[in-house]
Structures are given as structure tokens and as C-alpha cells.
Amino acid sequence: MTEINAATIGRPAARPAGAATGGVLADYRDIVRDFWRSRELLIELARRDIRIRYKQAIMGFGWAIFMPLLIVMSGCLVRFAMMQMSGGSLNRAAIGSIAVKSLPWAFFVGSINFATASLTGNINLVTKIYFPREVLPLSSTLAQSFDTAIGALALAVMMPFIGGTLSPALVWVPVLILLLFLFTSGTTLFLSCANLFFRDVKYIVQVLVTFGIFFTPVFFEPVALGHIGAKLIMLNPIAPILEGFRLSIIQGHNLLEPLMIVGPRGSAILEWSPWFLAYSAAWAVLGFLGASLLFHRAEYAFAEYV
């Protein structure tokens, strides 16, 4: 890899700590300008992360498929146990639902795991060279996108066998991918910044990632929790995105239309509302903008806390 130094980046080796930030619009203008100038560095760091991840790995690119597959197998086991107790059966639609939600969930979790320690893991770059530090967590997210793309290709091949449908609702998939990437990028920016100032953040993240799947509708559909529980679980910002993937790919449902189903006790349960998507979109866009601004204004103090 090309050596990364001040000359390579084309910027001064340091930036004055405590420099005036100006207004919010000026900050965003600086973020966009610095990010554009460092786009090649972002790509190079992402390539480095990919090479390191797969260097001397026994399974190679098979890891990109193995992790989502492991989540799917775990989810199928949980769903099978639930179906056995309720007297139902595990059908193709249930397996397909778990599969299409496991891949974005694996992307989210993988990005967080690698990006949270991206600043503390690149101390030499952070302390000796000035460049937009945002590229470090974002490069981890970009590298995870490469893994997810491989998994998505494998999932696309399997779609006819697990209940996937070709319908106009598939136009929502790119929108959901964009929202997932924005939400994940904003989360990684915030957590990597927080981990630099508070080193126990990475341990908190590990706990949340481990148990977070039980508070996210990956193994189950929200309606399984009943009328109130379905609404509460959708307060998780990533839940509507995952459900959007399921409904658009497996059921071919237009996400602009609400969807009601009849519960086990005969009561109507709201399975989907366009407001769920708007809620996640607000979290994704505003969260990314807010995390970018926070990260930008805090990065001048990074060298002092490393």
C-alpha cells in the first residue's frame, strides 16, 4: 500500500487544536471539502482493511457468506422452536424473512465492531498527520460493504428457493440500502469518537451488539409481539429498515401502503406503516448529519486523548 503521510495526503501534518469552527453551515462545508479531497485515502484505507481481513484467512471470502449464514441458521433454530410450541411449521417464507434481514444486520454489526476502535487502532495517523479523521470509521464501513455485497450476491441466487418475489416493490431496496448505510455510518462516527474519549465504549458496544439481536426483529416479525409490542419494537431505528427489506423482497409489499394483519386472538395488528419508514429515514439522515458535525468539532482534540 502507498505510504500514508502528510505529503501523500497533501495537507499540513497538524491542525491547530481549538481552532474556530464557525457556523454549522461552515462546518458542513469544511466536512464536504475535506472529505472530497481525501476520497482516494478513504478508498485506500478500505482496501487495506479488506486485505488485512482476508490475508492468510482459511475461508477467504467465504467469511462474507459464513457470518450471515450463521445468523440465518440461528434464526431458523429459534423460529423452529417457536413453531413447535405453537403447533406451526417453518416454511420457506419464514426462512426467506430471516435471510433478508440477517444480511443487513450482519453489515450493521460488522461495521460497528470494526469501526468503533478505528481511531484508537490508528494512533500514528491520528497523532502525526492531519487528515479528516472521519475516513477511518467510514473506511471500516466501506470495507464491510464489500463483505455484504458478496453476501448479497449469494442471497440473490438463493431467492427463488426461499420465497423471494419479483415485484415493483423491489424499487424500495436501493432506498433501504441507502438508509441502512447512512444510519450505520452515523452510528460508527459517533461510537468511534466516543470510544476515543471513553475507552470502555467498545466494551459497551460488544454487549449491545451481542444482545441487540433479541431487541431487533431479525429472528421474528414484530407482529409476533402483539399490538403494543409490535409498535414498541419498531422504535428501534433499524427495525423498520429490516422489516422494509422483508416486506418488499419476500411479500412484494409497497412500503407506501399500510399493512394490517389479524393476530392469533382475532385482533387487527398494524404490521407496517409508511411512518415507520419515515421514522427510520429521520434517524438515518439526521443521525448521520449530527454525528458528522459532532465528530468534526471534536477531532481537533483527538491527539490529546489518544
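This is a predicted model: local features need pLDDT of at least 70, side-chain atom pairs count only at pLDDT 80 or more; totals for chains, interfaces and linings use all residues.

Q: Is L182 buried or exposed?

A: L182 counts as buried, because its relative accessibility is 19% and the cut-off for buried is under 20%.

Q: Which residues does L182 contact, leaving aside its neighbours within four places in sequence?

A: With those neighbours set aside, L182 is in contact with A284, V285 and F288. As for V285, it lies 103 residues from L182 in sequence, while their C-alpha atoms are 6.5 Å apart in space.

Q: Ok, now the largest nonpolar core: which residues touch the most other members?

A: Those are W105 and W272, in a core that has 48 residues. Several helices each supply at least two residues of this core, among them α4, α5, α8 and α12, and α5 gives the most, with 10 residues.

Q: And what does W105 touch, not counting residues up to four places away?

A: On that count, W105 touches I71, V209, G212, I213, T216, V218, I238 and L242. There is also a second, separate core of 18 residues, including L41, L125, V135 and L138.

Q: Changing topic, which residues make the nonpolar surface patch?

A: The patch is made by V207, F211, F214 and F215, and covers about 450 Å². Of these, F211 is found in helix α9.

Q: Why does F211 count as partly exposed?

A: Because its relative accessible area is 47%, which falls between the 20% limit for buried and the 50% limit for exposed.

Methods: Residues are numbered from 1 along each chain as its sequence is written. Side-chain values use heavy atoms; hydrogens and water are left out. A nonpolar core is a set of buried Ala, Val, Leu, Ile, Met, Phe, Trp, Tyr and Cys residues joined through side-chain atoms within 4.5 Å. Buried means under 20% relative accessible area, exposed over 50%, partly exposed in between (1.4 Å probe, protein chains only). Helices (H or I, at least four residues) and strands (E, at least two) are DSSP runs, numbered from the N terminus. Contact means heavy atoms within 4.5 Å. Patches are made of residues with over 30% relative accessible area and no salt bridge: like charges are joined within 9 Å, nonpolar side chains (Val, Leu, Ile, Met, Phe, Trp, Tyr) within 5 Å. Accessible areas come from the Shrake-Rupley method with a 1.4 Å probe; for residues, only the protein chains shown count as cover. A salt bridge is a side-chain nitrogen of Lys or Arg within 4 Å of a carboxyl oxygen of Asp or Glu.
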